[in-house]
Amino acid sequence: MAQPSPEIASRVEEIIADHAALEGPLLPILHAVQAAFGHIPRDALPVIADKLNLSRAEVHGVMSFYHDFREDKAGRHVLKLCRAEACQAMGADRVAAHARGKLGIEWHQTTQDGAVTLEPVFCLGLCACGPAAMVDGRVVGRVDEARVDELLAEVR
Amino acid sequence: MKIYVPRDAAARALGADAVADAVQAEAKTRGVDITLVRNGSRGMIWLEPLVEVETDAGRIAFGPVAASDVAALFDAKFGKHPLVLGQTEDLPWMKGQTRLTFARVGVIDPLDLDDYEAHGGLTGLRRALDMSGDQIVAEVTESGLRGRGGAGFPTGIKWRTVAGAQATQKYIVCNADEGDSATFADRMLMEGDPFTLIEGMAIAGIATGATRGYVYLRSEYPDAIEVMGAALKIARDRGLLGDSVLGSGKAFDMWVRVGAGAYVCGEETSLLNSLEGKRGVVRAKPPLPALEGFLGKPTVVNNVISLATVPVILEKGAAFYKDFGHGRSRGTIPLQIAGNVKYGGLYECAFGLTLGQIVDEIGGGTATGRPVKAVQVGGPLGAYFPRDLFDTPFGYEEFAGKDGLVGHAGLTVFDDSADMLALARFAMEFCAIESCGKCTPCRIGAVRGVETLDRIAAGDGAGIPLLTDLCHTMKLGSLCALGGFTPYPVMSALTHFPDEFTGRQKEAAE
Ligand SMILES: Cc1cc2nc3c(=O)[nH]c(=O)nc-3n(C[C@H](O)[C@H](O)[C@H](O)COP(=O)(O)O)c2cc1C
Ligand code: SF4
Ligand code: FES
C-alpha cells in the first residue's frame with residue numbers, strides 16, 4: 001500500500017490533534033475531515049486509524065455506517081430533497097421526480113458537469129412547510145416544480 | 001421600535017432572512033431607529049415569516065410577510081396594513097395553548113441570557129441548587145413527566161437509577177436526533193430558547209451527580225447547531241456552566257456533538273455508540289444506559305423536550321405540572337401538526353384533546369381543501385389513523401390501545417389522494433435503508449416487506465398474508481423499535497384501508 005499523500009496526512013494530523021482531548025473523537029474528526037476536503041479521502045483513513053489506535057477496517061466501518069460521510073467528492077452544489085412522510089403528503093415524490101428528470105440523474109448521483117449532486121434526506125424539521133429542501137446548507141420550504149427550477153438556475 | 005423577525009429554520013425556509021434584511025435596509029433609508037430581534041418561531045408556520053412589532057398594547061403580528069411587503073409596512077407605520085393579524089397573544093392559535101415548555105419560544109431573543117432570566121429563566125435551576133439530589137429527583141418523579149422522545153418512560157425513575165449508581169463519572173446525554181418525520185419541537189426549542197435545554201440538563205446533572213453532558217444533535221439541523229453552540233459559550237462565560245454552576249460549587253458542563261445522518265442513532269444505545277465514535281449499532285439491554293451508558297458510565301439519556309420541561313417543573317412545582325393532562329399522560333405536549341394541513345405548526349397543550357380536535361379544529365383540515373383521509377401519528381414508526389378513530393384522546397395509553405403510538409407527538413395529515421399501499425411500502429423501504437443491521441427480522445425483513453408490497457401492488461393477493469406474517473416476525477424478533485414498530489404503519493394501512501391492498505387484485509384481474 002502506497003504511503004498516504006503527505007498534504008492530506010499533515011492536514012488530517014492537524015485535525016486529529018485539534019480533537020485529541022474529546023471523549024469519543026472519531027465522529028467529530030470525520031466531520032472535520034469532510035469539511036476540509038469535501039469528502040473523506042481514502043488516504044485519511046490510515047492516518048486516523050494510526051492516531052486513534054484503531055484498525056483501518058474499523059475506521060472505514062464507522063465512516064461507511066453514516067449517510068453523511070462520502071468517499072467521493074460531491075458536485076459543486078448539493079441539493080437535498082426531503083423524502084419523508086410529511087413532505088410526501090404535500091407532493092414531495094412528484095417534486096423529486098421532476099428534479100431527477102431535470103438533472104438527468106438519480107438519487108446520490110452528480111450531474112456530468114459536476115455542478116449538482118442530488119441527495120435524499122429524511123426530514124429537515126420543516127414538516128409544516130413541505131416539501132422541504134436544502135441547497136448547500138440553506139433551507140427552503142414549500143418547494144414545487146417551479147421552485148426546483150429556480151433553485152437549480154441559481155446554482156448552475 | 002423593536003421588530004421581531006424569526007430566525008427559526010422554518011421561517012428562514014420561507015424567506016425570513018430576506019425580510020430581516022429588508023427591515024434593516026428600510027429602517028436605514030428612512031432613518032427610523034429600530035432594534036431587530038431574531039426570535040424563535042411562535043409555531044404558526046403557515047404565517048411565517050411572522051413579523052412582530054412591540055407596542056404599548058403588546059406585540060402586534062403581521063404575516064406571512066415577504067421582503068417585498070416591508071416598505072409598505074413601514075409606510076403604514078406597522079399599523080393598518082392588509083397583513084396585520086392583531087395582538088400575537090390574542091390569536092386563536094396562541095390563546096388555546098398552555099405553553100409551559102415553549103413559554104419563551106418566539107417571545108425572547110434566544111441568545112440573550114438577561115431576556116431569558118427576565119422571562120422566568122434560571123428560577124428552576126436556582127431552586128434545584130437549594131435542594132438535595134433526592135429532592136430534585138422526587139419532584140421530577142412526582143410531576144408525572146414521561147420521556148417525550150417516544151417511549152414515554154417516567155423521567156424521574158430514570159434519574160433515580162443514575163443518581164443511585166456509584167461511579168467516578170456520570171453523564172447527561174440529550175437526544176436531539178429528532179429524525180421522525182412531522183417532528184420539529186426539539187429543533188424549535190433549541191433554536192428559539194436554547195437556555196431552557198441547558199438549564200434542564202444542568203438540573204439533571206445536579207440531581208444525579210453527573211458533571212458532564214452532551215447534546216447529540218442531528219446534522220440536518222445546522223441552525224440549531226449554531227444557536228446551541230452560541231448559547232453554550234454564553235452560558236459558560238456567565239457561569240451558568242462550569243466548575244461552579246451559578247456559584248453553587250457544583251460542577252456541570254456540556255457540549256454539542258453532531259450526528260451523521262443515521263436515523264437509528266435516535267435510539268438511545270445506538271446514539272451512545274455513535275457518541276463514542278463507533279458504528280451506530282443498537283446495544284442489547286441490559287445493561288441499561290442508566291447504569292452502563294456513555295463510555296460504560298451511568299448515563300441519563302433524555303429527549304430535548306423531556307429535559308427542557310424540567311425547568312418549569314422546578315420553577316412552578318410538580319403539582320402545578322401534574323395538574324395538566326389526561327389519564328397517565330401528565331402535563332403538556334407540544335403537538336407538531338404537519339403534512340397536508342391548513343394550519344400547520346407547533347401547538348403545546350395538555351394531553352387529552354382528541355385526534356379529531358387536533359386535526360380538524362386546530363389544524364383546520366387539509367391544505368388542499370380535500371377531505372382528510374389518514375393521519376400518521378408518532379413519526380415513521382407510528383400508525384395511520386383513519387377518521388373512524390378521530391375520537392381517540394391524545395395520550396400514551398389511549399394511542400397504544402388503538403395499536404398506535406404518541407411517539408414524539410408529530411402528526412402527518414394526508415388528504416384523500418394518499419396512496420396507503422405506497423405509504424406502507426415507504427415504511428418498509430425506510431426501515432431497510434436505516435436498519436442498523438444487527439437483527440435479521442429488521443435487516444432482511446424490511447427488504448422482503450418492500451418486495452411483498454410490490455407483489456400486492458401488482459395484484460398478487462397471496463402477498464397479503466405473507467405481509468401480515470412478516471410484520472408479526474418483525475414485531476417479535478427485532479431488538480429495537482425500528483424493526484419492531486415498522487409494522488405499525490404497515491399494518492394500520494392494511495387494517496384500516498384494506499381495499500387499497502385487495503383492490504389491486506381486481507384492477508389487475510380486470
Ligand atoms: C429507531 C429509533 C429512533 C429513535 N429516535 C429518537 C429521537 O430522534 N429522539 C429521541 O429523543 N428519542 C428517540 N428514540 C427513543 C430513544 O431510544 C429513547 O427512548 C429516548 O431518547 C429516551 O429519552 P426520553 O425518556 O426523554 O424520551 C428512538 C428510538 C428508536 C428505536
Ligand atoms: S431492529 Fe433493526 S435497527 Fe433495531 S437493532 Fe435490530 S437491526 Fe438494528
Ligand atoms: S418530513 Fe420533510 S421536512 Fe420533515
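In which hand does helix 19 of chain B cross helix 21 of chain B, left or right? I will come to that pair after some ground rules.

This is a predicted model, in which local features need pLDDT of at least 70, side-chain atom pairs count only at pLDDT 80 or more, and totals for chains, interfaces and linings use all residues. Residues are numbered from 1 along each chain as its sequence is written, chains are lettered from A and ligands numbered from 1 in the order in which they are written, and side-chain values use heavy atoms, with hydrogens and water left out.

Now the opening question. Helix 19 of chain B passes helix 21 of chain B in a left-handed crossing. The term left-handed applies if the near helix is turned anticlockwise from the far one by less than a right angle, and right-handed if clockwise. Helix 19 covers residues 463–477 and helix 21 covers residues 487–496, and the two pack at about 150 degrees with their axes 10 Å apart. That makes helix 19 of chain B roughly antiparallel to helix 21 of chain B. On the scale used here, angles under 35 degrees count as roughly parallel, over 145 as roughly antiparallel, 65 to 115 as roughly perpendicular and the rest as oblique. Axes are lines fitted to C-alpha atoms, for helices over the stretch in contact, and angles run from 0 to 180 degrees between N-to-C directions. Helices (H or I, at least four residues) and strands (E, at least two) are DSSP runs, numbered from the N terminus.

Which residues make this contact? From helix 19 of chain B they are B:Ile464, B:Leu467, B:Thr468, B:Cys471, B:Met474 and B:Lys475, and from helix 21 of chain B they are B:Pro487, B:Val490, B:Met491 and B:Leu494. Contact means heavy atoms within 4.5 Å. By class, eight of these residues are nonpolar, one is polar and one is charged. Nonpolar takes in Ala, Val, Leu, Ile, Met, Phe, Trp, Tyr, Cys and Pro; charged takes in Asp, Glu, Lys and Arg; the others, Gly among them, are polar.

Still in chain B, there is an open sheet of four strands in the order 8-7-6-9, with parallel pairing. Two strands pair if DSSP finds at least two bridges between them. Strand 8 (253–258) and strand 9 (299–303) of chain B are at the edges with a single partner strand each, so one side of each has no neighbour in the sheet. Direction ignored, neighbouring strands of this sheet are turned by 20 degrees against each other on average. Strand 7 (residues 212–217) of chain B is joined to strand 8 of chain B by six bridges, and the two run parallel. B:Leu217 stands opposite B:Val258 in strand 8 of chain B. Helix 11 (residues 222–237) of chain B lies across strand 7 and strand 8 of chain B, at about 165 degrees to strand 8.

Next, chain A. Chain A has seven helices and four strands. Its C-alpha atoms fill a box of roughly 50 × 35 × 25 Å along the principal axes.

Helix 2 (residues 26–37) and helix 3 (residues 44–52) of chain A have axes that come within 12 Å and cross at roughly 150 degrees. That makes helix 2 of chain A roughly antiparallel to helix 3 of chain A. Here the crossing is right-handed. Helix 2 of chain A contributes A:Leu26, A:Ile29, A:Leu30 and A:Val33, and helix 3 of chain A contributes A:Ala44, A:Ile48 and A:Leu52. Seven of the contact residues are nonpolar, with no polar and no charged.

The chain A sheet is open too, with four strands in the order 2-1-3-4 and mixed pairing. Strand 2 and strand 4 (138–140) of chain A stand at the edges with a single partner strand each, so one side of each is left without a neighbour in the sheet. Six bridges join strand 1 (residues 77–82) of chain A to strand 2 of chain A, running parallel. A:Leu81 stands opposite A:Pro120 in strand 2 of chain A. Helix 7 (residues 145–155) of chain A lies across strand 1, strand 2, strand 3 and strand 4 of chain A, at about 155 degrees to strand 4.

Last, the backbone. A cis peptide bond joins A:Gly130 and A:Pro131, with omega about -5 degrees. A:Pro131 is in the loop between strand 2 (116–121) and strand 3 (133–135) of chain A. A:Cys123 lies in the loop between strand 2 and strand 3 of chain A, and its phi is near 85 degrees, a positive value in a residue other than glycine.
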